[in-house]
Amino acid sequence: MISKYIRLLVIILLCAVTSCKTTQQLPQRQTGKEAKREFRGAWIQTAFQMEYKNMTPEMMKKDFVKKLNTLQQCGINAIIFQIRPEADAFYLSALEPWSRFYTGQQGKAPEGNFDLMAFLIDECHKRNMEFHAWMNPYRAGTIGVTRFADSHIYNKHPEWFVTYNKQILFDPGLPECRQFICSVVKDIVSRYDVDAIHMDDYFYPYPAAGEAFPDDYSFQQYGLNKGYKPSQRGDWRRNNVNLLIHEIKRTILLSKPWVRFGISPFGIYRNQKSDPDGSNTNGLQNYDDLYADILYWIKQGWIDYSIPQIYWEIGHPLADYTTLVKWWNNHAGNRPMYIGQDVARTMKAGQLTEKMYYERTLANIQGNCFWPANEILWNNKGVADSLRLHYHRYPALIPAYKHLCDCHPQEVKKLKTEWTAQGFLLHWEAPQDPNNPELANYFVVYRFEGNEAADISDPSKIVAITKQKYYLLPYDNGKLKYKYVVTAVDRFHNENAGKSKKVKL
């Protein structure tokens with residue numbers, strides 16, 4: 001049952017989300033070399049990846065288990081998986097066809113209707129990794145796509161779409177398109193245990209030189225007829241995207257208010273030449289070119305986290321990494337912010353150490369997301385080794401989403417040790433309910449030696465982050481004394497103070 005706090009939050013946001021201004025401050029981040037709370041994500045791309053079409057479900061399961069195990073060993077605690085690259089699906093959907101990047105042909109079902117997203121959600125949660133469902137909202141057909149599956153929405157409503165730069169796209173100016181996209185979000189959130197809905201930088205398409213975006217019809221109907229002047233088409237387009245973001249957030253709140261909504265925008269919001277408050281850069285701009293006003297979405301409370309894609313190098317002449325990370329840190333507002341890292345470019349420049357240490361000195365930057373996950377899996381120039389042995393050598397909890405719920409789950413009860421057939425177990429009890437996000441979702445086990453102070457802010461003391469209600473103790477003839485602390489963490493990543501137990505091992 002959803003708590004009184006969550007119900008109140010939903011009511012407030014649904015009634016006033018278009019004008020709300022929260023004054024709540026982000027919790028101060030523990031900066032420096034070792035951070036206990038840090039988002040450590042990795043994007044797994046499916047668009048243009050044709051490896052899956054030749055795999056049986058068993059082959060696919062084996063492949064993804066291996067990938068998730070490797071990423072977990074490298075400290076990754078969140079997977080952002082592309083489930084909808086072309087208004088299609090990597091999951092069982094009544095609204096959109098199976099993706100051609102999944103089975104080789106759009107609309108062709110995998111063997112046994114194997115639901116890859118359902119499998120990945122379960123496997124991620126077994127490892128206490130989050131699963132973020134990554135959707136491309138407007139893209140229906142990439143360059144070269146000439147035919148859709150019979151069940152594709154394009155064949156039902158071709159009037160909803162436009163062609164631009166050889167791509168087929170939903171027209172963002174049509175209310176029907178927003179309604180359909182929200183119906184897809186509702187379907188995913190209501191049927192799957194996703195931790196977040198995620199969108200990247202593809203809103204209005206990247207501009208093609210000499211080609212105007214063909215939205216004259218929708219601008220006439222919903223722009224000029226609503227009071228926008230011809231010179232204000234850019235403002236109208238931004239408002240179209242604003243409406244989509246607002247409506248998606250509302251859709252999620254009405255379905256499962258603990259599911260987050262995150263955006264990964266292009267790395268430049270605006271250049272100083274366009275806005276005095278912009279960054280000292282010279283490049284394409286979210287606000288002016290993609291019509292994505294992410295700072296407005298943060299201010300209005302419509303998104304729960306952002307991951308700007310700072311894919312350039314330190315010292316880049318047009319878009320310096322340090323300049324941009326500092327700018328985003330100063331504009332984080334009251335929402336968690338992580339940094340999108342281009343692994344290949346970072347490793348080629350030999351800048352992983354500088355980047356990791358610099359962003360950890362900034363109070364409002366609370367982690368990273370690595371693009372793409374394959375670069376870690378391939379261990380490009382030793383990146384996997386560096387993450388595993390250095391930057392992620394201790395586990396990290398994902399930053400708490402206190403703007404959704406500033407509370408703590410109940411403490412564990414009956415914390416005991418016991419000999420079992422498995423060995424010497426530390427076990428406990430805790431109430432859990434998948435429909436109550438304020439109860440325990442997982443547990444953190446800390447170990448301290450002898451009379452050492454039990455400081456649970458120290459990530460080096462974490463010996464397990466688990467969904468199980470037990471921990472197998474490393475017994476060694478009962479010679480040494482330890483203190484174990486077990487805390488409970490809810491779906492918002494709020495952690496309680498924990499219960500302790502002295503043990504001889």
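Trainee: Why is Cys 177 called buried?

Mentor: In this predicted model, Cys 177 has a relative accessibility of 1%, and since buried means under 20% relative accessible area, Cys 177 counts as buried.

Trainee: What makes Cys 369 buried, and which cysteine has the sulfur closest to that of Cys 369?

Mentor: Cys 369 has a relative accessible area of 0% and is therefore buried, while the closest cysteine sulfur is that of Cys 124, at 12 Å, which is again too far for a bond.

Trainee: How do you know that a disulfide joins Cys 405 to Cys 407?

Mentor: The S to S distance between Cys 405 and Cys 407 is 2.2 Å, and because the cut-off is 2.5 Å, the pair qualifies as a disulfide; by this rule the count comes to one. The link of Cys 405 and Cys 407 is right-handed, with 95° about the S-S bond, and both residues are buried.

Trainee: Which residues have the most contacts inside the largest nonpolar core?

Mentor: That core has 126 residues, and those with the most contacts inside it are Phe 81, Leu 116, Phe 131, Ile 188 and Trp 297. Helix H6, residues 175-191, gives the most to this core, with eight residues. A second, separate core of 18 residues includes Trp 428, Phe 443, Tyr 484 and Leu 505.

Conventions
Residues numbered from 1 in each chain as written. Predicted model: local features only at pLDDT ≥ 70, side-chain atom pairs only at ≥ 80, totals over all residues. Heavy atoms only, no water. Buried < 20%, exposed > 50% of the residue type's maximum accessible area, 1.4 Å probe, protein only. Core = buried A, V, L, I, M, F, W, Y, C linked by side-chain atoms within 4.5 Å. Helix = DSSP H or I, 4+ residues; strand = E, 2+ residues; numbered from the N terminus.
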